[in-house]
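Here are a few exercises to work through with the model open in your viewer. Try each task before you read its solution.

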Amino acid sequence: MPLVTSKEILKEALANHYAVGAFNANNMEQIQGIVEAAAEEHAPVILQVSQGAIRYAGLEFAAGMVKIAASLVDVPVVLHLDHGTDFLQNVRCMRAGFTSLMFDGHDLPLEENIAITSRVVEIAHAVGVPVEAELGKVLQVGVSMDEVLAAMTDPDEAAEFIAKSGADSLAVALGSIHAMESRNASLDIERAKAIHAAIPEVPLVLHGSSGVKHESVVDAIQHGIAKINVATYLNQAFCEALGEGIEKMPKNTDPRKYLSLSRDAVKERVREKIRLFGSSGVISAGGGFVSPKRSFRSAELGGSEA
Ligand SMILES: [Zn+2]
């Protein structure tokens, strides 16, 4: 089906206490693995294009591949910008057909983060595209525990931020860290509860999930986390399968024989995450939500929804 926006699928996820996986789309094989798993699991899915993917594949190429992948399946697929760096990049993504945007101003002073997020929201909402914002810092691997604690999202600030910026969803820092390769971090669930109580209508987004314990992820989903980003865990699978393939078939000269192993490995990890997040089976064979019964509306670019 055509791409859909993140607005409605995240609202649905928030109301029904599951989370939608947002998987990073770097190349054709990863995109195929992600979308095939979502289709087989009858789950809505977000494919997100990171800054690294934009540098690697180019904005138009990444967007084009996701659109084609979405057109081949009967589950809702969103094309999302991950960690948008500035206002103009968001404009370029809208032109390229993204159905979900992000401005990440977590490094800026609060007022400046609000000001730029508001500008992105104003133009995006004019054509029905929702916007994710980020408040609090999800740091990169290598930082100390004190730094992680100091960077967490403040619930009162979150309420002020949403009221002033109009953002549709909010990436929050609950103690996870980007690019972690082990899985032993716990989230600050009390903080998730407080943020969710302060902005109950706003789907919260968890970045850096690859290093978080499963129990903690499942807990957070009960307290407002409705979108979970997964990148490192898929990249690991892709590379491991590639390495094993080369080891087993050192004389092979057909790259497809290696890359199809990577595609399958990514697909199985996406399936595992979809099941963990509780989004398996929420889409009917016709492409609508199973429960509560409602028809699914595709992105109406040019309309004035949201
Ligand atoms: Zn992130």
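**Exercise 1.** Find which strands helix α5 lies across, and how the helix runs relative to β4.

*Solution.* This is a predicted model, so go by its coordinates. Start with residues 87-95, which make up α5. This helix lies across β3 and β4, and runs at about 175° to β4.

**Exercise 2.** Work out the strand order of the open sheet, and which strands sit at its edges.

*Solution.* Trace the eight strands: the order is β3-β2-β1-β8-β7-β6-β5-β4, with parallel pairing. The edges are β3 and β4 (101-103), since each pairs on one side only. On average, neighbouring strands are turned by 30° against each other, direction ignored. Then zoom in on β5 (residues 131-135), which runs parallel to β6 and is joined to it by four bridges. Across this pair, Glu132 stands opposite Ser169 of β6.

**Exercise 3.** Which residues touch the most other members of the largest nonpolar core?

*Solution.* That core has 90 residues, and the ones to pick are Ile34, Val45, Leu47 and Leu170. Follow up on Leu170: leaving aside neighbours within four places in sequence, its contacts include Leu135, Ile162 and Val202.

Note on methods: Residues are numbered from 1 along each chain as its sequence is written. This is a predicted model: local features need pLDDT of at least 70, side-chain atom pairs count only at pLDDT 80 or more; totals for chains, interfaces and linings use all residues. A nonpolar core is a set of buried Ala, Val, Leu, Ile, Met, Phe, Trp, Tyr and Cys residues joined through C-beta atoms within 7 Å. A residue is buried if 20 or more other C-beta atoms lie within 10 Å of its own, exposed if 12 or fewer, and partly exposed in between; C-beta atoms are placed from the backbone. Two residues are in contact if their C-beta atoms, placed from the backbone, lie within 7 Å. Two strands pair if DSSP finds at least two bridges between them. Helices (H or I, at least four residues) and strands (E, at least two) are DSSP runs, numbered from the N terminus. Axes are lines fitted to C-alpha atoms, for helices over the stretch in contact, and angles run from 0 to 180 degrees between N-to-C directions.
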